[in-house]
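Here is a friendly walk through one protein model, written for reading with the structure open beside you. Take the topics in any order you like.

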Amino acid sequence: MRHWSQLATRNWLARPARSAGVLLAISLGVAAVVWVTACFESVRRTVISWALQHVGRSHITVESPAGKYDTIPIRLMDRLAALPEVKHAAARLVQRVPGKPLPRGADPAALVYDPEEQLDVHGIDITNEMSVREYPLAAGRMFGADEPFVCLLEAAYAAEHGLGLGDSVCIWGGGRAEPYRFEIVGLVSRRRIAKFQKGWVVTRLADLQHAAVQQGMTTSIDLVLFDASQEAVRVATERVRVESRKVVSNVSVRSVAVRLQQIQNAQAQQELVLVLLSCVAMLTAMFIILSTLSMGAVERVRQLGLLRCVGLTGGQLGVLVLVEVLPLGVVGILLGIPVGLVLTAVTRWLVPDYLGDFPISLADIGAAWAVGPSALLLHVVDVSRRTGIATSALVGLGVTLLAALLPMLRAWAASPLEASRPRATGQRGRWIVLSGVVGFLVLAAQAALVHGVPTALQPVLDGPARWLSARLGMAISVYGLERSPEFPTLASTAIVMLYIGYALIAPLLVWAVSAPAVKLVAAGLRVGERLLQDQVGRAVWRSTGIACGLMVGLSLIVGLVVFSESVRRGWEFPRSFPEAYVWNFQDMRPDAREAVSAVPGIREFTVAHAVNCIVGERRMFMEKVFLSITWFLAIEPKQFLDLLRMEFVEGDRETAERLLNEGGHIIVAEDFSRTRNAHLGDSVEVRIGVTRHSFKVAGVIQSPALDIAAGYFQAMSEANVVANSSVMGTLEDMRRIFGQDATRMVLLNFDLPPTPIPAGWPPAQGSAEAAGIPPECFDTRLPLERRWQRYREELVLRDVTRAMGAPAAPHGTARELKDAIDTELTRVTQLLAAVPTVALLVAAIGVANLMTASVTSRARQLAILRAVGATRGLILRMVLGEALVLGVVGTLLGMALGLHVAMNVTTMTQKMWGFSSEMTLPQGQLAAAVLLTVGLCAAAGIWPARRAARTNVVDALHVA
């Protein structure tokens, strides 16, 4: 055993830099998997915690169809609590009201009312609430049923404002000039899932009803059943719906289990995408390990032959290679796990609005340890699974073994003749061509999956596709990807097939593009072409491994930036989009038109109501019905179409306006029409709450991105998911069919002729005169005239919100909204691009390893070149040039694959969501990605090049 270990570790000692490179490649790959998975786990814990805080142990939730900021009569609870299936019933009132912190001893009358400072106040019936949900206390206690005007306060909000137990919060309601004061008796832990969420206050239901003038009303009623089985919940939900509609005709009754399942399904899809993204780094590491071990096998070909001569079998040599590789994999995994956790912590510190708590809790570990060793072991196993530690360890070990497979086979096949002569390599070109042919077949199958098979073959392949669909339980069509519940799985499969296809054809491509790459680099460095052909021209497979590593990392960066830029350009607002908007989470006054008409500074405007709805789509392949959530915009037909002047793709404005006024008709966006196959004259079923209605399509318009304008703040605040297209009906239909008579949106154009800027404006920031002036008005990077105009626009919008009875409603200009969404898109793209950047670093390690091995194996050749007159500068440029050739080849492959990925994702986006955009190439970002790739290769080649240039001629000539 001692001799075996000496043989296995000899290569580590002889090639310490190369072994360190393998360790670093494995550890970075493992770290990427842990990093991405742990970040996802942080988000998952936050969302589930948020959902459970709202859902608790309830099985059925009854609320208004307008959402959680509307109300229903509380008398409904008594009727539902009397049902035999119901074990507990609890009512909760939610109100978003103006509120401010009040330190102990301060005078509430001294507080200045500010409608933009708001709190989400939850009024609960303490006698029933604790049977439905719990409130985890960070400090203090729960209030009693007979304690008036006390509250629990969100711990994060308390920390932001320096509040503690005994302090108070004040809220304004009921038209009173003086605020209501609520003493803080407890601090409750609550995870926020969006940046625009308000501070959280929990108080007695009766007190909030009094303060908000909502006597006899509640927002929702949560029901806990005796029997929580799926069938029992389904039956009870229908019975609760029947009873509820006897009191409120359009009440919304939902099974909480279904809501949680929807969250979990969405998270499962996101997790799949993120895991695929992180596995890119592992895939790159595999290519690097494979190339490094292959180099070692080639260098030791004579040694392997001698070992065969002294009696070792091929199997023993294969085991020897395995014994050499496994410790490197294990050590790399152990190093990569803490690196991944550190990256997670850094990411959470940099973007706390995306990530919640750290996914590993010392408190949870301590609690498990207190129970016993077995509980601690189970907790560690569960945490390892959820944070990706176990997955990364298994994937890292698997990648190491897979990368070692070819060197093992190479050692296994070594013959005693290897000791006297090199192994023939005449069949290598055949394998390159065979790999390329298989790769092109995989890419053809991938194109058929995404775009569909050629028309002539569709009748022939339709039957086998149906048979395969029935066996797999998913809709596979000869017409390419279509909207279906299985779309995310099929789309992920298509992307994986794309990478496999490119990896298989990479040797052929490297063989083909190596010659022009050598010419390009040789001309740039003034080195003879023949001096640069050694690595790429004579070691195609090893060069392919390095080039594939570069290809994988660069392709993801290219795909991300191209798709992001295409999306940003594709959803631009129409040229006639209104200059400003007001959007509220709650219903504003129904007489909105009269209220806004009295506000000066407005040239034209329109009001609208926007609610989430469910649309029923036509039956899909395999007879499945796919329901999706989108927005129903209830509009004033004439004013809305006058203001936006949208282009009709099907139908015309005059006819569409007439049909809308007649009722029972909608206008749909082009994206909606494309994905749902709904065209002029077709019927579309819309469901809001429990009410369903079939509408006729009166026209198809170019998508105005109104859903983004309406849904951006809603999605950011309430974590709702909306589609990329909307349906537009009338306010009259919304009132008549769905029973909702309200307004949530105002779109307007200003009437503000230029005026002289007052002297000394803007006032000093922080002064009393600067109070209420938006922060962007102090941004000196903007022209003073633009800042003054922005301030005047802000004053008009504030007047509109006050006139609508919603002074804290989100508002702004179209320019600000687009800039905000652009910023978020850019930020998310940069965050996701960090993972493939790690893959590029891993690939750069492979370049350094390959160049180091090349210098070592050619020491005698380099010495001869020096002896016949080659300068050190020439040797340095030659080795550096070889690294750059690999960088150029990898860059070409990465650009091709990245653009292919972006094209596929754009096509999939159009097929699934109808969002159509032309591919846009951000030249600056692509140039930066190319420079990063080539620069990493150049940096990786510097140390081997310097080492080669400093080679001692006499010593090198004595090398056997």
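**The overall picture**

Among contacts in the protein between residues at least 6 apart in sequence, 81% join residues at least 24 apart, where a contact means heavy atoms within 4.5 Å. This is a predicted model, in which local features need pLDDT of at least 70 and side-chain atom pairs count only at pLDDT 80 or more, while totals for chains, interfaces and linings use all residues. Residues are numbered from 1 along each chain as its sequence is written, and side-chain values use heavy atoms, leaving out hydrogens and water.

**Make-up and confidence**

- The protein has 30 helices and 22 strands; these are DSSP runs numbered from the N terminus, helices being H or I of at least four residues and strands E of at least two.
- Of its 960 residues, 53% count as buried, and buried means under 20% relative accessible area, exposed over 50% and partly exposed in between (1.4 Å probe, protein chains only).
- The mean pLDDT is 76, and 73% of the residues reach 70 or more; pLDDT is the predictor's confidence in each residue, from 0 to 100.
- Residues 422-427 stay under 50 in pLDDT, and the model gives them 3 contacts beyond four places in sequence.
- Residues 705-724 also have pLDDT below 50, and this stretch has 65 contacts in the model beyond near neighbours in sequence.
- Where pLDDT is low, the predicted coordinates should not be read in detail.

**Aromatic pairs**

- The structure holds 9 aromatic pairs. Rings of Phe, Tyr and Trp (its six-membered ring) pair if their centres lie within 6.5 Å; planes under 30 degrees apart count as stacked, over 60 as edge-to-face and the rest as tilted.
- Trp761 and Trp788 form an edge-to-face pair, because their planes stand at 75°, with the ring centres 5.1 Å apart.
- This pair links distant parts of the chain, with Trp761 in the loop between β21 (743-750) and α25 (784-803) and Trp788 in helix α25, 27 residues apart.
- Trp788 also pairs with Tyr791, in a tilted arrangement with 6.0 Å centre to centre and 40° between the planes.
- Trp788 and Tyr791 are 3 residues apart in helix α25, so about one helical turn separates them.
- Both tryptophans, Trp761 and Trp788, are buried; the relative accessible area is 12% for Trp788 and 18% for Tyr791, which is buried too.
- Elsewhere, Phe149, Tyr180 and Phe182 make up one aromatic cluster.

**Helices to look at**

- Helix α20 (residues 637-644) packs with helix α21 (residues 653-662) at an angle of about 150°, their axes 10 Å apart. Axes are lines fitted to C-alpha atoms, for helices over the stretch in contact, and angles run from 0 to 180 degrees between N-to-C directions.
- The two helices, α20 and α21, are therefore roughly antiparallel (over 145 degrees; under 35 is roughly parallel, 65 to 115 roughly perpendicular and the rest oblique).
- On the α20 side the contact involves Pro637, Lys638, Leu641 and Asp642, which meet Arg653, Glu657, Leu660 and Asn661 of α21.
- Helix α11 (residues 362-371) lies largely in the open, because 1 of its 10 residues is buried.

**Thr691 and its surroundings**

- Thr691 is found in strand β19 (residues 691-701) and is buried, with a relative accessible area of 16%.
- Leaving aside residues up to four places away in sequence, Thr691 touches Asn250, Val686, Ile737 and Phe738.
- The C-alpha atoms of Thr691 and Ser252 are separated by 9.1 Å, although these residues are 439 apart along the chain.
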